[in-house]
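Hi,

Here is the structure I said I would pass on. Have a look at it first, and then read my notes below.

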Amino acid sequence: MRGAPVEEAVSLSVGLEDIVVGRVEAARLHPGADRLTLCTVSAGGGEVSVVCGAPDVKVGACYPFAPAGAVLPGGFKIGRRKIRGEYSEGMLCSEKELELGTDHAGIMLLEGDFEPGAAFARVMGLDDVRFDVEVTPNRGDLLSHAGIARELHPRGHAAIVAPPFPGGQQGTMDAAFVRGAREAAAGGVRIAIEEPEICSRYLGAVIRGVRVRRSPDWLANRLRAAGARPVNNVVDATNYVMLELGHPLHAFDLAKLADLQVSVGCARPGESIVTLDGETRALAPDMLAIRDAEGPVAVAGVMGGANSEVSAATTDLLLECALFEPRQVRAARRSLGMSTDASYRFERGVDPEAMESALLRAAFLITEVAGGSLDGPVIDVCPVAWKAPVVALRPSRVRQVLGVDFGPDEIAGLLAPLGYEAAGEGRFRVPGYRSYDTLREIDLVEEVARTHGYDAFPEDLGPCRLGTVPDHPLFSLEDALRATLVSDGISEAQTPPLCPEANGDVPVLNPMSAQESRLRRDLLSGLLAHVERNMARGVADVRLFELGTAFAPAPPSAADPVPAETARVAVVLAGRRSPLHWSVPDEPFAVYDAARVLKLIAREAYPNARVVPVEAESEAAGQPANHPGAAAAGLVPDRRYELIDEDGAVVGAGGEVRPERTDLPPWAGVVVGAEVVLPAEPAPRAEVLSKELPEQPASTRDIAMLVPSTTPAGAVLASMRSAGGALLEEARIFDVYEGADLPDGMRSVAFRLRFRARDRTLTEAEIERALRRVTRKVRQDTGVEPRG
Amino acid sequence: MPLRRSRTRPRRLWESSRHAAGPAHRSLIDSLRALEAEALEAVRVAEDSGQLERVRVQYLGRKEGRISGVLRGLGTLPPKERPVAGAEANRVKASVARALSERAKSLADHSPVRPAIDLTLPPRHKWRGTVHPVSKVIDDIWAIFRGMGFTRARGPEVDNEWYNFVALNTPLDHPAADEQDTLYLAPGLLLRSHTSPVQIRTMQQYQPPVRIIAPGMAYRRDTYDATHTPAFAQIEGLVVDEGVTFVDFKATLAEFARRFWGPGTQVRFRPSFFPFTEPSAEVDVKRVLRRDDGTTYETDWIEIMGAGMVDPAVLENVGYDAECYTGWAFGMGPGRVALLRHGVRDLRLFYENDMRFLAQFA
């Protein structure tokens with residue numbers, strides 16, 4: 001369809017094939033259970049015995065009945081069952097069991113006389129198909145059958161006529177009108193408008209002599225098919241016309257309107273109203289109310305009051321058809337926390353040009369189904385006469401936006417079926433039902449495109465100019481990190497940043513649940529939850545990283561209380577360092593992997609940063625939660641590193657995760673975690689300048705040192721490097737041995753030193769000299785000696 | 001820990017010979033013969049093919065080989081003496097080469113049988129990391145738009161009502177604001193309900209032409225279910241310039257769709273409504289897929305994005321001249337695209353990060 005897609009076509013009787021009308025002929029308490037009733041039900045093929053759990057089975061009333069062997073819409077098959085010693089040959093159904101509604105409280109009472117055994121779907125008017133149409137908020141004009149017909153018909157509005165009602169020849173009535181700018185009276189009723197800005201027109205028809213009862217089947221069934229619940233003939237008639245023509249209508253019980261007067265104005269301070277749904281609602285002074293001489297009888301455009309409700313005793317009516325300002329209705333219904341069929345339509349705009357026809361059709365339908373007749377002319381109070389908007393449309397603008405030439409006649413031809421009348425000089429008069437959406441030239445451009453058909457436009461890819469916006473460098477950094485970490489065997493995770501209170505410091509004002517009540521302060525906590533979930537499912541090897549945003553509250557002193565956002569990367573590693581394999585010994589991740597991961601990240605994000613072990617209790621614990629070093633607080637004190645950038649700032653941390661932070665199975669080993677705050681505007685990576693490869697041969701020497709466990713091996717290494725001078729090209733630790741054959745508290749650490757001069761082959765003597773220098777310096781700096 | 005000593009390379013013998021006194025070729029021939037004897041001995045004692053190869057490189061190697069080096073030294077001899085020395089050099093070279101090949105043959109004949117191995121044992125492997133399927137979709141979308149001259153822009157996830165609604169032509173008292181149930185942090189301060197505020201921030205900062213996409217997180221007040229999460233990835237696109245039309249809009253997005261979903265993909269534009277675009281469209285695709293037996297079939301129409309021509313009110317809100325500039329924009333959900341792409345039934349799987357699920361995308 002042009003303006004709105006059909007979301008779903010529902011056959012209303014699907015699943016109800018086996019359900020029939022059952023009449024309860026007799027009912028008595030189940031002899032074996034207090035809460036059960038034993039009913040005799042006639043359902044066409046004679047009487048059967050049925051056990052029913054509902055408390056209020058009425059003898060003589062009809063209910064939907066699923067006989068033994070029937071299948072309910074949900075697929076449940078009803079069988080002959082013995083319940084506390086009594087056989088039940090079927091089930092009396094509730095709305096919920098039939099998937100017709102949510103009411104599970106009781107079985108569904110069928111109002112009216114029905115033939116027992118008749119197909120339930122047919123007698124309920126459900127042997128029909130319902131099209132659910134998705135209507136966008138700008139198209140209030142489609143919220144009716146007439147609106148949809150107008151949209152579908154090639155001649156549009158011109159083709160729409162309201163058909164006669166079943167059993168009659170007529171679809172409406174004629175009536176005289178008595179008109180006034182601020183007030184008018186007829187049939188003994190006076191109507192006044194106090195707030196013309198909010199209610200620009202109010203039509204009232206007095207109908208006397210009605211008999212309120214159930215609606216005729218055709219009316220009730222059509223309402224049900226459209227998803228509405230029949231109430232009584234008067235209310236049903238107003239709802240029917242609303243669904244049909246789109247204009248909400250309301251009927252008051254005239255006898256309940258004090259002094260037979262109605263005024264439309266703002267609620268008085270302290271006023272409240274009990275609405276038709278039984279709720280007591282306090283009215284704010286900016287809400288528009290319909291009031292009689294004593295107080296409010298309806299919330300304008302939202303819902304009527306219980307005090308003026310049409311009941312079985314009602315004989316005289318005031319039928320209302322009014323025009324309320326959309327924003328005002330929206331504001332009122334929002335502050336009352338409700339939405340009704342009427343408010344939904346008023347918010348989206350109802351057709352100001354169709355008020356009279358809607359009122360007359362509803363009045364006619366009421367007199368058809370409830371009797372009675374109009375008393376006097378229709379009261380028409382209209383402080384602000386509606387004027388159709390006139391909008392100019394330049395063919396050049398159509399061409400500029402749509403890229404296709406349309407001549408003036410072509411444009412007029414495309415707009416006419418939608419109800420836009422050419423008003424000369426390229427201007428168009430907007431019909432009432434489109435007057436909320438079509439106010440500007442661009443709105444008409446859209447109508448041209450829509451009527452022409454989007455498919456009819458060519459798809460020629462023309463030339464284009466490049467943009468002025470540079471590619472944001474943080475994306476490139478994220479791409480590089482993603483590639484690095486994935487190639488390291490770590491998988492990317494994604495976590496919605498909403499979290500429970502424990503993991504976030506920025507509260508959400510209107511969260512859906514406590515689980516999503518904060519914005520996360522870090523990424524690592526979310527990743528640890530994924531480790532927990534994986535391990536709970538028996539997955540022991542977990543390697544995850546995430547790129548995303550963390551949030552911190554604005555400092556209390558900030559003028560603008562906007563939380564600080566930081567882009568981050570976090571990593572968790574648990575389980576084996578490499579997949580289980582017959583040729584490789586099992587080796588779990590350890591704290592040293594955190595250092596490696598930090599270096600991998602640093603290489604992309606902070607090329608000049610250092611990974612530094614953190615002293616036992618660092619000051620990070622006391623730092624604000626958004627401080628990158630705060631991540632270190634969640635790590636085991638003597639098993640963590642920090643990433644320090646070239647300015648000396650802590651930009652990340654990594655290490656062994658404190659075991660109390662996670663709830664893991666006993667077999668889970670160490671979990672390694674790391675988190676780094678990314679620079680907001682990363683500098684482009686410096687180009688690599690290649691070094692010439694050495695031409696001279698190198699000499700390597702391995703040397704084992706006896707290092708006390710209290711002396712950091714890193715210090716020995718640093719000492720070696722400082723002593724090696726230009727000849728020491730590289731020094732690294734390649735083995736650490738702790739064995740019983742060593743003195744207590746000692747480790748044997750093996751270093752491999754590579755010597756090279758760029759201009760000559762080193763002689764044995766030179767190398768020996770350099771080695772002696774190194775060992776002397778190590779002894780001096782750390783007291784460490786070569787091993788025997 | 002024993003000290004290990006590594007070999008230093010032997011000094012090059014021929015260098016000294018080049019500067020020797022007397023009849024130049026004599027001294028050269030002497031050193032050639034000495035080398036020959038040394039090489040033949042080395043060949044004799046070589047115990048396996050590896051050692052033999054090292055001997056070959058040491059004496060006959062093209063660059064470092066010692067005999068080859070002597071041959072290069074021929075150029076320094078007086079022209080008259082070159083033929084004699086050259087003939088000798090070639091003889092020595094051939095003699096060493098012959099010895100090498102004979103020794104290689106005898107080694108091959110007598111080499112011990114290497115232990116049998118079982119090649120059906122599982123191969124060595126390493127952990128394979130995977131890009132998150134939703135990221136992969138964003139990457140693929142970016143790759144296509146990069147090819148069409150787009151750049152990437154980003155903006156804050158916490159934003160205010162002006163950027164999220166008002167500037168995008170969505171008055172707060174209009175029912176359209178209901179369509180996106182928004183999460184608030186404070187009155188007026190919200191979690192962006194779409195990535196569209198990036199459009200506004202980018203246009204405020206840069207002048208046309210604008211040609212960007214903006215991937216990022218968006219938030220809505222939804223409960224978790226098979227197709228909704230309260231936070232989700234979105235990707236926004238925006239083009240603004242003089243002369244940008246509905247035809248360009250359709251052409252570019254249809255081209256994107258065919259590059260993303262395959263050349264046979266059909267693209268359909270359906271009228272719709274978004275406050276910040278006019279005309280607005282929903283874009284659907286119908287893909288052509290191949291069955292296992294090689295036959296093809298068409299999928300149903302799949303809704304993939306909301307899009308449209310930028311509403312002139314939006315351009316005016318950022319100070320662009322809406323009479324001069326036109327543009328188009330789109331927004332799509334990479335999560336939904338990933339769902340369809342991989343046949344995943346439940347969006348929540350993307351956020352549970354089960355290693356077994358993620359490993360499927362390696």
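Where is the place of A:E425 in chain A? A:E425 sits in the loop between β25 (421-422) and β26 (427-429) of chain A. (Helices here are DSSP runs of H or I with at least four residues, strands are runs of E with at least two, and both are numbered from the N terminus.) The phi angle of A:E425 is near 55 degrees, which is a positive value in a residue other than glycine. A:E425 counts as exposed because its relative accessibility is 75%. (Exposed is over 50% relative accessible area, buried is under 20%, and partly exposed is in between, with a 1.4 Å probe and protein chains only.)

Before going on, some housekeeping. This is a predicted model, in which local features need pLDDT of at least 70 and side-chain atom pairs count only at pLDDT 80 or more, while totals for chains, interfaces and linings use all residues. Residues are numbered from 1 along each chain as its sequence is written, chains are lettered from A and ligands numbered from 1 in the order in which they are written, and side-chain values use heavy atoms, with hydrogens and water left out.

You'll find B:N169 in the loop between α7 (161-164) and β3 (184-186) of chain B. With 24% relative accessibility, B:N169 is partly exposed.

Then there are cis peptide bonds. One joins B:P208 and B:P209, with omega about 0 degrees, and B:P209 belongs to the loop between α8 (197-205) and β5 (210-219) of chain B. Another joins B:E278 and B:P279, with omega about -5 degrees; here B:P279 is in strand β8 (residues 277-286) of chain B. Keep B:E278 in mind, as I come back to that residue below.

Where the chains meet

The contact (heavy atoms within 4.5 Å) takes 104 residues from chain A and 103 from chain B. About 9200 Å² is buried between the two chains, and carbon and sulfur atoms give 55% of that. (Buried area is the accessible area, with a 1.4 Å probe, that two parts lose on being put together, summed over both.) On the chain A side, A:Y454, A:V469 and A:Q494 lose the most area to chain B, together 8% of what that side buries.

Side chains of opposite charge can pair when their charged atoms come close. (A salt bridge is a side-chain nitrogen of Lys or Arg within 4 Å of a carboxyl oxygen of Asp or Glu.)

Which residue of chain A does B:E278 meet in a salt bridge? The partner is A:R440, at 3.1 Å from N to O. The pair runs from strand β8 of chain B to the loop between β26 and α10 (441-452) of chain A. B:E278 is buried at 6% relative accessible area, whereas A:R440 is partly exposed at 30%. A:R537 and B:E352 also meet in a salt bridge, at 2.9 Å from N to O.

Salt bridges inside chain A

A:D479 and A:R482 pair at 3.3 Å, N to O. These residues are three apart in helix α11 (residues 473-487) of chain A, so about one helical turn separates them. A:D479 is partly exposed at 26%, but A:R482 is buried at 10%.

A:D741 forms a salt bridge with A:R787, and their closest N and O atoms are 3.9 Å apart. A:D741 lies in the loop between β38 (728-737) and β39 (746-755) of chain A and A:R787 in the segment after β40 (785-786), so the pair ties together parts that are 46 residues apart in sequence. A:D741 is exposed at 51%, while A:R787 is partly exposed at 25%. Separately, salt bridges that share partners join A:R139, A:D141, A:E151, A:R434, A:D437, A:E447 and A:R450 into one network.

That's what I have so far.

Cheers
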